[in-house]
Amino acid sequence: SGSITLQPATSVIQTTVIAGGGSGGYNSGSTTGGGGGGAGGILEVSCISVTGGASLSYTVGGGGAGGRGSQNNGTNSVLSTPSAKTAIGGGYGNNSGGSGGGGNSGAGSSGTACQGNSGGAFTCGPAPSGVSYKSGGGGGAGGAGQTGACSGGGAGGVGKTITITGTPVVYGGGGGGGVRNTNDFSFSGGAGGPGGGGAGGPSGGVGAGVGINASVNTGGGGGGQGNYYNNSPAFVGGNGGPGRVIFKEPVIQGVAPGIWSMNSVYEFVKDGNWV
């Protein structure tokens with residue numbers, strides 16, 4: 001967060017404002033996996049009138065903090081001047097926001113129109129043994145989160161490709177949904193969505209129960225908490241990724257002290273008087 005000073009001759013700018021992603025959800029009463037966090041909203045504005053030499057202030061939204069029994073929305077990113085342009089922070093698992101969080105007890109939550117997408121739904125079973133609860137992936141800036149499937153948690157929604165810098169970069173992937181199972185440890189957490197989303201916590205094996213943090217400054221959603229029957233205190237939801245604010249102003253070329261017709265240049269050069 002901070003401010004920039006525009007070039008003296010700048011009259012228009014372009015901006016992309018990316019909010020912080022929501023954290024992965026945590027288990028509700030140790031009965032379900034946590035839904036994936038929704039990505040931060042992405043707002044693109046192609047033409048903003050400005051005053052040359054002006055100072056523009058902006059705020060970069062933070063990612064929602066995950067943890068044990070803790071879940072939080074991402075915070076908004078804002079271009080404050082010359083007029084407020086606000087991208088909405090992503091929702092934590094099972095909560096609305098820039099992109100909605102994945103479901104951990106039912107349907108996924110909705111996203112903010114024109115900035116993000118809805119989270120995927122929660123599903124229960126079937127499973128080889130015991131009862132399996134698979135949470136939905138968080139919504140991404142470019143697509144909805146997936147519903148939890150028989151093979152594991154739902155994948156996070158895909159992010160959005162941004163080209164303001166000239167090189168395509170994907171931001172705002174949703175977090176994957178976590179998995180809880182009573183006595184089967186073979187289920188994987190949902191994959192994080194392309195664009196920085198964190199993967200959901202699996203029911204067992206390496207990284208059991210732990211939702212993965214979203215990538216920094218992508219606005220991605222955190223992975224949902226997973227667990228199995230012993231519900232270890234180490235099982236946590238992943239953090240959402242902080243956002244980003246990108247400005248683009250035109251290159252202003254230097255201005256020559258005078259303008260000469262080609263005929264005049266030719267005559268000066270021919271006479272040896274061109275300096």
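Which residues does Pro242 touch, not counting residues up to four places away in sequence? The list is Gly20, Gly61, Gly62, Gly63, Val216, Asn217, Thr218 and Gly219, where contact means heavy atoms within 4.5 Å.

## Ground rules

This is a predicted model, so local features need pLDDT of at least 70 and side-chain atom pairs count only at pLDDT 80 or more, while totals for chains, interfaces and linings use all residues. Residues are numbered from 1 along each chain as its sequence is written, and side-chain values use heavy atoms, with hydrogens and water left out.

## Around Pro242

Back to that proline. Pro242 sits in the loop between S12 and S13; strands here are DSSP runs of E with at least two residues, numbered from the N terminus. Pro242 is partly exposed, at a relative accessible area of 26%. On this scale buried means under 20% relative accessible area, exposed over 50%, and partly exposed in between, using a 1.4 Å probe and protein chains only. Ala39 is 203 residues away along the chain, yet the C-alpha atoms of Pro242 and Ala39 are separated by 9.9 Å.

One of the residues Pro242 touches is Asn217, which belongs to the loop between S11 and S12. Asn217 has a positive phi of about 60° although it is not a glycine, and it counts as partly exposed at 27% relative accessibility.

Four strands line up as S1-S4-S5-S6 in an open sheet with antiparallel pairing. Two strands pair if DSSP finds at least two bridges between them. At the edges are strand S1 (2-5) and strand S6 (85-87), each pairing on one side only. On average, neighbouring strands of this sheet are turned by 15° against each other, direction ignored; the axes are lines fitted to C-alpha atoms, and angles run from 0 to 180 degrees between N-to-C directions. Strand S5 (residues 77-79) is joined to S6 by three bridges, in the antiparallel sense, and Leu79 has Lys85 as its bridge partner in S6.

The other open sheet has three strands in the order S3-S2-S13, again with antiparallel pairing. S3 and strand S13 (244-248) are the edges: each has a single partner strand, so one side of each is left without a neighbour in the sheet. Here the twist averages 15° from one strand to the next. Six bridges hold the antiparallel pair S2 and S3, and Ile18 finds its bridge partner in S3 at Ile42.

## Nonpolar cores

In soluble globular proteins, nonpolar side chains tend to be buried together. A nonpolar core here is a set of buried Ala, Val, Leu, Ile, Met, Phe, Trp, Tyr and Cys residues joined through side-chain atoms within 4.5 Å. The largest one has 12 residues, including Leu6, Ile13, Val45, Tyr58, Leu79 and Val245. Strand S2 (12-18), strand S3 (42-49) and strand S4 (55-59) are the elements that give two or more residues to this core. Apart from it lies another core, of seven residues, among them Ala141, Ile164, Tyr171 and Ile246.

Lys134 lies in strand S8 (residues 132-134) and counts as buried, at 0% relative accessibility. Its side chain reaches the backbone oxygen of Cys150 at 3.1 Å. That falls under polar contacts: pairs of N or O atoms within 3.5 Å, where within protein one must be able to donate a hydrogen and the other to accept it, and residues adjacent in sequence count only if both atoms are side-chain atoms.

Ser203, in the loop between strand S11 (179-181) and strand S12 (227-228), also counts as buried at 0% relative accessibility. The side chain of Ser203 reaches the backbone nitrogen of Ser186 at 3.5 Å.

For Cys47, the nearest cysteine sulfur is that of Cys114, 19 Å away; Cys47 is exposed, with a relative accessible area of 52%. For Cys124, the nearest is that of Cys150, 10 Å away.

Most residues other than glycine have a negative phi, and most peptide bonds are trans. Cys114 is not a glycine but has a positive phi of about 70°. The bond joining Thr81 and Pro82 is a cis peptide, with omega about 5°, and Pro82 lies in the loop between S5 and S6.

Conventions. A disulfide is a pair of cysteine sulfur atoms within 2.5 Å.
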